[in-house]
Amino acid sequence: MSRATVATLPSEVSGARAVGWWGMVLLITTEATLFACLLFSYFYLAVSNPVWPLGGIQPPDLLLPGSGTVVLLSSSAPMAWAEAGIRRGQQGRLRLGMALSFLLGAVFLGIQAVEYSHKPFTPQTNAYGSLFFTITGFHGAHVFVGLLMSAVTQLRAWLGHFSASRFLAVQNSALYWHFVDAVWIFIFASLYLSPHVL
Amino acid sequence: MRRSWETGPGLLGWLGSVDHKEIGKRYIYTAFAFFLAGGVQALLMRAQLARPENGLLSPELYNQFFSMHGTTMIFLFATPIQSGIGNFVLPLMLGSRDMAFPRLNAFGYWVFLFAGLFMYSSYLLGGAPAGGWFNYVPLTGPVFSPGWGIDFYTLGLIFLGISTTAGAINFIVSTFKLRAPGMSINRLPLLIWSFLTTSFVIIFALPALTTANALLFLDRRFGTHVFDPAGGGNVLLWQHLFWIFGHPDVYIIFLPAVGMVSSIVPTFARRPMVGYTLLVLATVATGIISFGVWAHHMFAVGLTPLAMAFFGAASLMIAIPSGIQVFAWLGTMLGGRVVLASPLLFVLGFLVLFVIGGVTGVMFAAVPFDWQATDSYFVVAHFHYVLIGGAVFPIFAGLHYWFPKMTGRMLDERIAWLTFWVMFVGFNLAFFPMHILGLLGMPRRVYTYQPDLGWDDLNLLATMGAFLFALGVLIFVYNVVRSLAGGEPAGDNPWDASTLEWATTSPPPPYNFLAIPVVHSREPLWDPQSEAGGPLLEVGHRTLGTSVLDADPTQLLRMPKDSLWPLALALSLLIVFVGLLVNLLLVVLVGLLLTFLCITGWLWPPHRTRELLT
């Protein structure tokens, strides 16, 4: 390898070539494992009790959280659209897509707050209530972190930090957002759907 | 070049350093200080047990000592000191100028330091955790352990976990992306395979510990019922979560030690390692199987026979990769021309002790034997043979081996031999009698015992052995201090070893290599093809990025310079955890706000200086 070829190597890279991308993927991997441990705890207590949910609590109503699920999952689409935009240097698409995605994420948190206020039990009622609020609350905190990440990235987008060759922060922010959405599918299936069918 | 890479002067430079060599040494010094602290607690316990019905320690203090001794040695010594050696050696061995995320590396160190001090401050603030290092509920629940002791444990370990996870991510990405050109995955040094496997085990195992501690903290502080049977919770869930982490953790501690052995044996056998591919497979297999054996810590709690058969069989299976490794080391030495220097001496000690600890481990995999010996001193003997024999001796081997590279000075060889023999004899005097004590029925974690049980002499012997072992550690400290003051200069490659860390000066310059090395084989420095250097990256603060499998150059990475953000972020998190401990919401919120600001400031792109653009 000659010295001349090294000098021509790029400094701005994205995706699997960038160390930052790998850092985000590994952070997501270990966080996904954390959610898996929480769901393991939920099912462990579910099978070690004769009835579940405990103490006459009905399986959760699906209408409100179901619509929240639709809102959250749909928020991934404008995020992907924004990322594809900046890859072509389209600043407007980046700003619009991320703003839309942010809005949908915030609506999801609002729906979750309404749902919490209608629950007839608290984290202190019994172990079911403890885990229900711990798991959904922990996920909600992740949505909140995702929103913060998105907000800072949007600020940087308005300051013109990104271009067709420089968008790793957008990519990482989008990766985290898709992760937060994907993990909700597992939580929704475990906490909302499984009590109806098991 | 030196001006661009050197840590800045003064206190701010010291606090802001992101040099992996500096951070690695800090990890080693700090972890060694915790090793001494954990050791003093062990000596006090042994002094208490030297004779029956001794009154040196109260039962309460004894419980705190054995809990903090275990917690310290596992979490604050064994893992961090290997992170330290890894931090120092790994980029050099890869032919890189730093880790992939130098600032994350500094952050990991500060969090480790603060989490350790956080846990030790418990002694001054109402008593240390006293529920043993695996902290079983219901003993550690709100009813039986009021006060802050257990909260120091749960919060401290969650805090420390941030450091461990950050370190693991850094090791993985550095290994994937920052290798010297030509160091394809089949030429990766075995030490790096070990750190890679360990780091993946951390990524997948540590969340279980964090989950357990978070749920216990909520139970204790906010009255949730996850571990409370009266509210539909289950105490066994703690044991599952803890050991889903805890058994892989044994290999988190053991695998880097094995990697150090695999670095040292070929150097002193004067030949390449036998069975490289098998050793790689054994290392990775150990990491994977380690996730399938956790319930062998729980044979006595009433699992189903099928579960016990499964976990018993998986536990036996782990003897296969361990056996492969032992035979590969023996084969390398048999087929080589062995030069017996102090690092190899510690490795030989390791082999003897590890085989003894491995054999008693296989005994425990047989469920009926486990039922007889569990919670007795036989267990204490077994895991000290595995952890001191299997990790501390390799760590001392590694410290003797890389000391010349870290400091530029040789340790005194005769004092090193004395260190080894005093530690080896002291260790066996301390821990071999515990096998017999366990079989005689002495339970672990008792603060005293009756005089007429036939345990007196063996306990006295164990105590004398423990103090002899401690003397060996002190002799090592003396040797280090003596060499730092005026040891013989080491030269670049005093052991005539084969890996890249020996290709640069001792101690290495801040930028490690002026010209990034190019690799043509597994033993680049024994390889006549090896060039003096590859690409020169003279301008700017950069290193070479390579592809994951073949290590072809793909990019130039701009590396960060000194930064105070890592320290600021670690302090912000400390504020969060102190707020959680003292239960002040305002403090927690302030800490979280500072955390957010620090992360944003950290990731905000720097002003493009002229140098960065060239």
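**Reading contacts between chains and domains**

User: How many residues does the contact take from chain A and from chain B?

Analyst: The contact takes 36 residues from chain A and 43 residues from chain B. Two residues are in contact if their C-beta atoms, placed from the backbone, lie within 7 Å. This is a predicted model, where local features need pLDDT of at least 70 and side-chain atom pairs count only at pLDDT 80 or more, while totals for chains, interfaces and linings use all residues. Residues are numbered from 1 along each chain as its sequence is written, and chains are lettered from A and ligands numbered from 1 in the order in which they are written.

User: Which elements of chain A give two or more residues to the side that touches chain B?

Analyst: Helices (H or I, at least four residues) are DSSP runs, numbered from the N terminus. Here they are helix 1 (3-7), helix 2 (19-48) and helix 6 (127-158) of chain A. Helix 2 of chain A gives the most, with 15 residues.

User: Which classes make up that side of chain A?

Analyst: Ala, Val, Leu, Ile, Met, Phe, Trp, Tyr, Cys and Pro count as nonpolar, Asp, Glu, Lys and Arg as charged, and the others, Gly among them, as polar. The side of chain A that touches chain B has 21 nonpolar, 13 polar and two charged residues.

User: How is chain B divided?

Analyst: Domain bounds come from an automatic or database domain assignment. Chain B has domain 1 (2-553) and domain 2 (568-614). Their contact takes 14 residues from domain 1 of chain B and twelve residues from domain 2 of chain B. Helix 5 of chain B gives the most to the domain 1 side, with six residues.
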